[in-house]
Amino acid sequence: MSTTASPLSQPLRLPNGQILPNRIAKASMEESLADDDFLPGEKMIRLYKRWGQGGAGLLLTGNAMVDPYALTGPGNVIVRDNGSLDRFKRWAEAGKSGGSKFWMQINHPGRQVFSYISETPVAPSAVKVHIPGRMFAKVFGTPRALSEDEIRKIIERFIQAALIAEKAGFDGVEVHAAHGYLLNQFLSPLTNLREDQWGGSLENRARILIEIVNGIQARTKKEFSVGVKLNSADFQGGGFREEDAIQVVQMLNKTNIDLLEISGGNYESPAMQGGESNGTRKREAYFLEFAKKARSTAKMPLMSTGGFRSKNVMEDAVAGGALDVIGIAAPFAFEPDSAFQLLSGKTNSVDVKIPNLSNPAFNSLSKMSAIRLQLRRIGQGQEPKLPKSLIGNLILDQIRSRRNAKRYKKFLKILEFQNAFKKPADTKD
Ligand SMILES: Cc1cc2nc3c(=O)[nH]c(=O)nc-3n(C[C@H](O)[C@H](O)[C@H](O)COP(=O)(O)O)c2cc1C
């Protein structure tokens with residue numbers, strides 16, 4: 001097989017001039033590997049050094065939190081500066097060590113916070129996550145609707161996180177507006193019931209995303225890339241639809257972003273895992289059909305993540321012009337050099353083989369835990385290996401999360417104590 005002829009091996013010049021060495025991106029996977037102070041430490045560095053040598057043109061971090069009071073998971077990195085910049089610098093160096101471009105994904109979870117982390121998260125409106133089944137009834141708390149002033153502060157937090165990423169040496173940021181997190185909640189009419197300038201029309205619902213993107217671009221250098229991860233749809237009746245996504249692409253055209261990553265779904269309808277049925281999803285490359293539709297509207301390079309496994313499907317998507325970058329997530333947990341293997345012709349597919357469990361909820365949760373285990377193993381200097389028992393591993397993962405949540409609550413108490421002794425103008429955290 002010829003390697004040079006593969007469209008995946010071709011470099012890509014982004015609108016701001018940054019060059020991705022090839023068309024394969026390691027998509028975001030929440031690492032749950034932050035140190036006790038919720039900063040990147042040795043395990044994280046080891047994991048990204050390994051991925052940094054894995055041949056991807058673009059590496060995206062797992063979602064890093066812009067607000068210490070809002071975490072998607074209790075082992076995440078909280079982006080902050082005062083005295084912590086060196087830790088972010090080491091993280092950036094690790095990811096870039098093999099020549100990949102390295103971007104930080106920045107996120108705010110909004111209502112999608114487990115109640116053992118926070119019982120009253122914030123969201124556009126007080127609409128709780130609803131997952132069918134009694135066992136999920138208390139998993140999420142009812143959120144509190146954000147005030148206008150709080151929305152402004154969140155916009156500033158996203159911008160500050162991007163400025164810290166830039167100072168630390170990351171090549172760019174990706175603003176997470178997909179998967180049912182805060183910015184996606186603003187976009188969806190099911191979760192945004194506001195009647196002010198942040199709700200109602202799609203233009204109002206997209207205002208927070210556009211202000212964040214404009215704010216980051218205005219305050220970072222031109223060479224620092226800005227990408228957005230957007231749902232093609234939420235796959236829920238009355239939710240964010242493909243027609244809406246196309247209109248948001250039109251709005252993003254005006255901002256000149258460097259890359260748009262297309263995904264789909266949320267915690268209630270997890271299309272990003274290939275779990276729920278929807279019109280456009282296929283067994284492989286779930287969001288490719290939408291990408292083809294978006295292509296004629298989108299002025300920026302397009303990437304899509306979700307189910308890409310075979311090299312020929314990836315090559316067709318790039319050669320046919322539907323996509324510029326192929327996002328791959330789970331396979332990188334088992335084969336950290338998945339990109340190198342595909343590009344060198346060592347393999348023609350990067351399938352992930354985790355046995356299925358009969359209960360769909362447990363199946364999905366146990367798969368996520370098995371993938372997270374691989375990230376931890378690599379972070380500890382071990383080789384990826386499936387656990388002997390998927391359920392046993394899920395239970396251990398849950399215990400670990402509860403332990404991390406306790407750590408987090410202690411961390412918040414210290415933060416509140418510190419803030420109590422700051423002048424009001426200093427209280428950024
Ligand atoms: C363990 C795990 C953690 C994830 N964390 C994130 C995340 O932090 N941000 C994000 O945008 N997507 C996240 N995802 C979703 C992936 O980026 C991707 O959209 C999804 O896994 C489908 O791609 P794949 O079929 O190549 O795995 C995560 C997926 C997994 C398996």
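Trainee: Tyr48, Trp51, Phe88, Trp91, Phe102 and Phe170 make up one aromatic cluster. What kind of model is this?

Mentor: This is a predicted model, in which local features need pLDDT of at least 70, side-chain atom pairs count only at pLDDT 80 or more, and totals for chains, interfaces and linings use all residues. Residues are numbered from 1 along each chain as its sequence is written, and side-chain values use heavy atoms, with hydrogens and water left out.

Trainee: How many aromatic pairs are there?

Mentor: The count is 16. Rings of Phe, Tyr and Trp (its six-membered ring) pair if their centres lie within 6.5 Å; planes under 30 degrees apart count as stacked, over 60 as edge-to-face and the rest as tilted.

Trainee: Why is the pair of Tyr48 and Phe102 called tilted?

Mentor: The ring centres of Tyr48 and Phe102 are 5.2 Å apart and the planes stand at 35 degrees, so the pair is tilted.

Trainee: What makes Tyr48 count as buried?

Mentor: Buried means under 20% relative accessible area, exposed over 50%, partly exposed in between (1.4 Å probe, protein chains only). Tyr48 has 0% relative accessibility, so Tyr48 counts as buried. Phe102 is also at 0%, and therefore buried.

Trainee: What is the geometry of the pair Phe235 and Phe287?

Mentor: Phe235 and Phe287 are stacked, with 6.3 Å from centre to centre and 25 degrees between the planes.

Trainee: Why is Gln341 called buried?

Mentor: Gln341 has a relative accessible area of 11%, so Gln341 is buried.
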